[in-house]
Amino acid sequence: MTIVAPSPSSAPLKQQDNTAFLNRRRWARAGWLYLFMLVMSVLFLGPFLMGTLSSLKDNPNEYPPRILIPQLRPTFFMRAYQLGVQGAGDGWNGGLAPGNTVTFDVRVRNPKGAPQTPPTASLFVYQPTGLVNLARLAQAKDYSVLKVAETGVTGDLHSYRVTVTYAPLTAQTGERVRGELLPPQGNDLMATVNGKPVKVTLDTPQAQAHQYDLQPTQPVQLIRRGDQYFLEGPLMARLPLEIDVERGQVFVDSTLPPSDVQNFGRSLAFRNATPGILGYTFNNYRRAFQETRDAGTGRSLFLSWTLNTFAIAILKVLSAVVFCSLAGYALARLNFPGKNLLFALVLFVQMVPGQTTFISNYLVLKNLGLLNIWGLLVSGLVTAGGVFLMKQFFEGLPKELEEAASIDGASPFTTFWRVMLPQASPALIALSITTFQGAWNDFFWPLVVLKGDASRQVLTVGLQSFRDVYGGAGDYGLILSGAILSAIPVLIVFLIFQRYFVGTGADSAVKG
Amino acid sequence: MNQKGQTATAYLFLTPFLVVLAVFFCFAFLRTIYYSFTDFNLFDPPKLIGLKPYADVLGDSSFRRALANSLLFAVITTTLQTILSLLMAVALNRKIRGLSFFRAAWYMPSITSSVVITLIFLWLFQQQGVVNYLITQLQSVWPLILTFVLILIAVQVIQVLWEKSRKLPVGYFDPALLAASALIALFVTWGLSAAGVVTAHEVVDTVSRPGQITPFLYQYFADKWLSIGGVQIISVPLMVIIFMNTFTTIPTLMLFFLAGLQNIPTALYEATEIDGATPFQQLMNVTVPMLRPVSFYVITVGLIGTLQMFDQVAVIGNAAPTDTLITLAYYVYANTFKSGVAPVYMASAAAIILAVITLLLVTVQRRFISPDAV
């Protein structure tokens with residue numbers, strides 16, 4: 001917008017004064033505009049940024065909500081990595097493997113008059129609560145010993161070191177391999193190593209003591225010596241540590257900040273003392289994949305949903321590109337009886353709510369045995385909106401193109417395929433993107449068609465079941481991370497093809 | 001190419017579309033109408049029972065609630081989103097640097113799925129959630145905000161009077177003076193707060209003395225209603241959804257308006273400027289009439305979309321009492337998949353009513369709001 005000078009009669013000013021005054025006003029106006037845009041950006045992005053940030057927290061429901069969270073501090077990030085290395089030799093995934101020793105430091109203020117005893121440390125049982133109850137996995141508590149020692153005093157600040165030692169269950173040496181236990185055969189404990197079943201030998205009393213409490217699917221570490229596999233110990237995904245300080249003492253800090261504080265600040269729970277980076281900062285994201293397993297197959301439900309959503313979105317894009325452009329071309333460029341009626345029908349279809357037709361459509365798909373993603377595809381093979389978009393585009397192309405082709409003796413299909421369709425690439429990209437976005441975000445129709453089987457759902461419906469299962473308990477860590485993850489692909493598509501998003505619809509709207 | 005050849009080719013090209021249209025729209029639409037006059041329940045073969053399904057549906061109190069909720073939601077949301085997005089588009093209709101970045105940032109709520117947004121909003125609007133926390137913070141800094149605003153007004157008035165005495169053509173909303181006033185007000189408020197003259201309220205669990213406030217812990221998704229004269233008009237959860245829906249649609253609609261605004265010749269504005277029109281007069285007499293086709297499109301899309309509101313209700317599910325959020329679309333779905341013998345005939349009747357209302361509203365707005373569009 002141009003700034004128009006005020007009418008000269010209003011102020012008898014020197015020309016120079018007036019220019020400075022107007023310049024000042026223009027700058028100020030731009031400043032306010034940018035401030036406004038910044039405020040709007042915060043408003044529109046705020047919920048997503050806050051949700052993303054909180055999905056990293058141990059407890060997204062913390063009150064008051066914090067913006068600076070330990071999960072994103074480089075210090076703790078590095079420490080989580082080091083603890084993961086100590087626990088299982090894996091700085092990313094963390095965990096606890098046999099033969100490792102983990103040290104965890106705590107500082108406590110013991111004022112004069114308060115008990116000077118070291119804090120008590122213990123390991124506790126932590127079972128993930130998944131969509132289905134997993135078999136009870138081995139707990140660090142039952143396999144490791146723990147020691148607390150004072151390491152230094154400055155004033156009334158006392159430093160303590162908690163040492164967790166997980167002694168191997170066998171004294172054998174050899175190559176270390178990882179595997180998963182299988183249901184026992186007769187008296188033999190079996191495991192799969194690299195896909196093939198092997199017999200596990202329990203050669204020490206310590207190992208034999210555990211032979212009945214280990215569950216199938218338990219990951220284990222074995223020592224291979226020739227053809228024999230000796231059980232070195234189960235692999236633990238986490239090391240849940242609790243530290244209690246005496247009354248009168250004050251907890252100051254520790255290697256990692258506690259994930260939960262109870263008992264007036266005296267009981268500190270560390271859900272995982274050997275998290276690794278993924279287990280510390282991206283714990284909820286890892287949980288979204290790992291703790292949502294199908295009861296029957298053990299496959300990650302979240303992964304299945306993502307793959308299903310990708311499959312249906314890509315199939316729909318392909319079918320829309322072919323069939324919508326064919327139909328749009330016919331409506332725009334060919335003459336045939338019933339054309340106007342058909343176009344009126346296209347407009348009508350866009351106005352009638354999907355809920356009006358879904359009962360019959362559901363029954364049709366049910367009778368055809370297509371209550372799966374193929375049914376989703378068949379019923380959405382060509383959308384009226386897509387046909388409308390392509391028709392509008394083809395109408396805008398010059399007639400000469402077709403005439404030239406038809407003089408050269410091209411058949412209508414060749415004209416369409418070789419001459420017209422290549423011209424339509426901007427419209428096709430716009431159509432692909434809107435179709436992808438629509439298929440990715442669709443909720444009502446998949447909810448109807450994919451009723452029942454959890455592993456056949458798409459992301460939107462799956463996420464809704466997250467809320468059904470966890471909403472009451474408020475496991476928003478899982479819900480938020482699932483929501484953020486499912487928004488990422490469509491966000492990437494948007495960032496790449498931004499201008500096509502902005503283009504669709506707006507142009508046809510302006511045309512009226 | 002002769003006419004006959006064209007007809008054959010056209011129908012060949014249209015075959016997939018016509019098949020899908022015939023099976024999944026025409027047949028489905030007619031069958032729903034048929035079901036709405038029968039006693040269909042998904043299992044037994046349907047028998048015609050005349051208008052009874054419509055009578056049953058109209059007699060169902062939860063249908064009447066769904067109807068009221070749907071209409072309120074559609075009308076309020078469409079109005080809000082149209083006006084706000086128009087105003088935003090007008091504010092942004094300038095050639096400035098970085099606009100594409102801001103557009104991209106604002107577009108974010110429109111590209112993510114309604115399920116994702118609803119889940120995030122459920123979390124934001126919890127009892128001990130971010131929204132309640134922000135309201136608590138706002139309540140506690142209320143004295144500071146009030147001080148800031150009062151100082152801002154005072155400084156602005158003084159500045160404008162001073163400039164006027166120098167015979168400069170300034171208005172009371174002069175942006176440059178406003179920026180200076182805001183800076184001065186900020187520093188003074190900060191100084192007063194540091195000196196302890198004006199202080200923020202203290203947030204404590206129980207109020208025992210003046211200057212303290214309790215944390216705001218309002219349960220949004222509960223059975224809370226705005227009622228007039230004992231009649232429950234609109235529920236608080238529905239208002240939250242209206243807010244959320246407006247939030248997600250504004251950026252898209254704003255882009256439609258922006259595209260429309262670029263097509264208005266600047267000469268029109270210049271002409272009104274010469275005639276001495278105020279910005280408000282320009283908006284009402286140039287912008288709004290010139291944007292009629294876009295407005296028509298935006299309102300139509302808005303009405304069709306909002307009348308079908310389903311996702312949010314289904315995702316919130318049992319987190320809110322049924323009556324507070326139930327819409328026609330959800331009523332249709334819930335009655336079709338009711339456990340036991342589902343009253344599908346009632347769902348069908350409701351679906352037909354929903355379709356009729358949609359068509360009616362679109363026609364009405366076409367007739368009265370933008371008579372010369374299309």
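Predicted model: local features only at pLDDT ≥ 70, side-chain atom pairs only at ≥ 80, totals over all residues.
Trainee: What makes the pair Arg24(A) and Glu163(B) a salt bridge?

Mentor: The closest N and O atoms of Arg24(A) and Glu163(B) are 3.5 Å apart. The cut-off is within 4 Å, so the pair counts as a salt bridge. Two salt bridges are found across the interface of chain A and chain B.

Trainee: How do you know that the salt bridge of Asp174(B) and Arg25(A) joins two chains?

Mentor: The N to O distance in that pair is 3.3 Å. Asp174(B) sits in the loop between α7 (142–165) and α8 (175–195) of chain B, while Arg25(A) belongs to helix α1 of chain A, so the bridge joins two chains. Both Asp174(B) and Arg25(A) are buried.

Trainee: Which helix gives the most to the side of chain A that touches chain B?

Mentor: Across this interface there are 22 residue pairs in polar contact, both residues at pLDDT 80 or more. Helix α1 (residues 15–55) gives the most to chain A's side, with 21 residues. In total, 101 residues of chain A are in contact with 116 residues of chain B.

Trainee: Why is Asp156(A) called partly exposed?

Mentor: Its relative accessible area is 29%. Buried means under 20% and exposed means over 50%, so Asp156(A), at 29%, falls in between. Its salt-bridge partner is Arg109(A), with the closest N and O atoms 3.3 Å apart. This pair links distant parts of the chain, 47 residues apart: Asp156(A) is in the loop between β3 (145–154) and β4 (157–165), and Arg109(A) is in strand β1 (residues 101–109). Arg109(A) is partly exposed too, because its relative accessible area is 34%.

Trainee: Why are Asp56(B) and Lys52(B) separated by about one helical turn?

Mentor: They are four residues apart in helix α2 (residues 52–59) of chain B. An α-helix has 3.6 residues a turn, so residues three or four places apart point the same way. The closest N and O atoms of Asp56(B) and Lys52(B) are 3.0 Å apart, and the two form a salt bridge.

Trainee: What makes helix α5 of chain A mostly covered?

Mentor: Six of the eight residues in α5 (residues 283–290) are buried, among them Tyr285(A) and Arg287(A). Arg287(A) also belongs to a network of salt bridges with Arg238(A), Glu291(A) and Asp475(A).

Trainee: Where in chain A is the pLDDT below 50?

Mentor: Residues 1–13 are one such stretch, although the mean pLDDT of chain A is 86. Residues 504–512 also stay under 50.

Note on methods
Residues numbered from 1 in each chain as written. Chains lettered and ligands numbered in written order. Heavy atoms only, no water. Buried < 20%, exposed > 50% of the residue type's maximum accessible area, 1.4 Å probe, protein only. pLDDT = per-residue confidence, 0-100. Contact = heavy atoms within 4.5 Å. Salt bridge = Lys/Arg side-chain N within 4 Å of Asp/Glu carboxyl O. Polar contact = N/O pair within 3.5 Å; in protein donor to acceptor, adjacent residues only side chain to side chain.
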